[in-house]
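I opened this notebook to record what I looked up in the structure. The entries follow the order in which I took up each topic.

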Amino acid sequence: MERLRAGDARAFEELVRAYQHRVFGVAVRMLGNRAEAEDIAQEVFLRVHRSVGEFRGEAKLSTWLYAIASRLCLNRLASGERHRVSEGEETLMRLPSADSGPADALERGERDAALQQAIASLPEERRIVVVLRDVEGLSYDEIAQALELEPGTVRSRLHRARLDLKDKLERFL
């Protein structure tokens with residue numbers, strides 16, 4: 001952080017390298033559109049660069065990044081600036097493992113696609129907590145900090161989201 005605050009370009013490059021995939025992952029799961037996710041990820045790092053001096057260090061750096069990404073995604077979802085997502089547009093590609101057969105890879109691909117679609121169909125306030133908790137692995141307190149919510153609200157939204165996902169994915173369970 002000291003190097004970032006001092007304007008060290010190398011420190012900023014290291015920050016981007018360390019977190020770009022996570023920030024992009026949150027954005028693509030929230031927005032369901034790679035191009036929009038790339039825009040959001042770029043905007044996150046631009047904002048970090050501009051306001052690194054304002055970071056007080058009360059939360060972890062990653063929590064601050066997720067907070068910025070989450071707010072930008074929620075703002076984009078609420079705005080009329082969204083690009084329409086084509087029906088077949090893919091979110092994140094997953095490579096099948098080398099030791100599985102074609103039938104396993106097909107089943108896994110179908111399950112992953114259904115999961116991505118189920119997550120994308122959740123209401124925004126539930127989708128973000130699922131992405132931050134179950135995909136990114138943030139703690140309840142970190143999510144509460146990032147989204148400026150009470151931890152109980154995070155737990156409640158996550159519980160409801162998981163029930164929704166269970167209903168939508170029942171055939172895979």
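**Entry 1: Glu142**

I find a polar contact of 2.6 Å joining the side chains of Glu142 and Lys60; a polar contact is a pair of N or O atoms within 3.5 Å, where within protein one must be able to donate a hydrogen and the other to accept it, and residues adjacent in sequence count only if both atoms are side-chain atoms. I note that this is a predicted model, in which local features need pLDDT of at least 70, side-chain atom pairs count only at pLDDT 80 or more, and totals for chains, interfaces and linings use all residues. Residues are numbered from 1 along each chain as its sequence is written, and side-chain values use heavy atoms, with hydrogens and water left out.

I place Glu142 in helix α7; helices (H or I, at least four residues) and strands (E, at least two) are DSSP runs, numbered from the N terminus. Leaving aside residues up to four places away in sequence, Glu142 touches Lys60 and Thr63, contact meaning heavy atoms within 4.5 Å. Is Glu142 buried or exposed? Its relative accessibility is 14%, so Glu142 counts as buried (buried is under 20% relative accessible area, exposed over 50%, partly exposed in between, with a 1.4 Å probe and protein chains only).

**Entry 2: α7 against α8**

I looked up how helix α7 (residues 140–147) packs on helix α8 (residues 151–168): the angle is about 105 degrees and the axes are 8 Å apart. The axes are lines fitted to C-alpha atoms, for helices over the stretch in contact, and angles run from 0 to 180 degrees between N-to-C directions. The angle therefore makes α7 roughly perpendicular to α8, a label for 65 to 115 degrees. On the α7 side the contact is made by Tyr140, Asp141, Ile143 and Ala144, and on the α8 side by Pro151, Val154, Arg155, Leu158 and Arg162.

In the loop between α7 and α8 I find Glu148. Glu148 has a positive phi of about 55 degrees although it is not a glycine. Most residues other than glycine have a negative phi. Glu148 is exposed, at a relative accessible area of 62%.

**Entry 3: α3 and the chain**

In α3, I list Glu36, Ala37, Ile40, Ala41, Val44, Phe45, Val48 and Ser51 as buried. Their cover includes α2 (9–31) and α4 (61–78). At the start of α3, a side-chain oxygen of Asn33 comes to within 2.9 Å of the backbone nitrogen of Ala35.

Of its 173 residues, 39% count as buried.

Technical notes: Angles under 35 degrees count as roughly parallel, over 145 as roughly antiparallel, 65 to 115 as roughly perpendicular and the rest as oblique.
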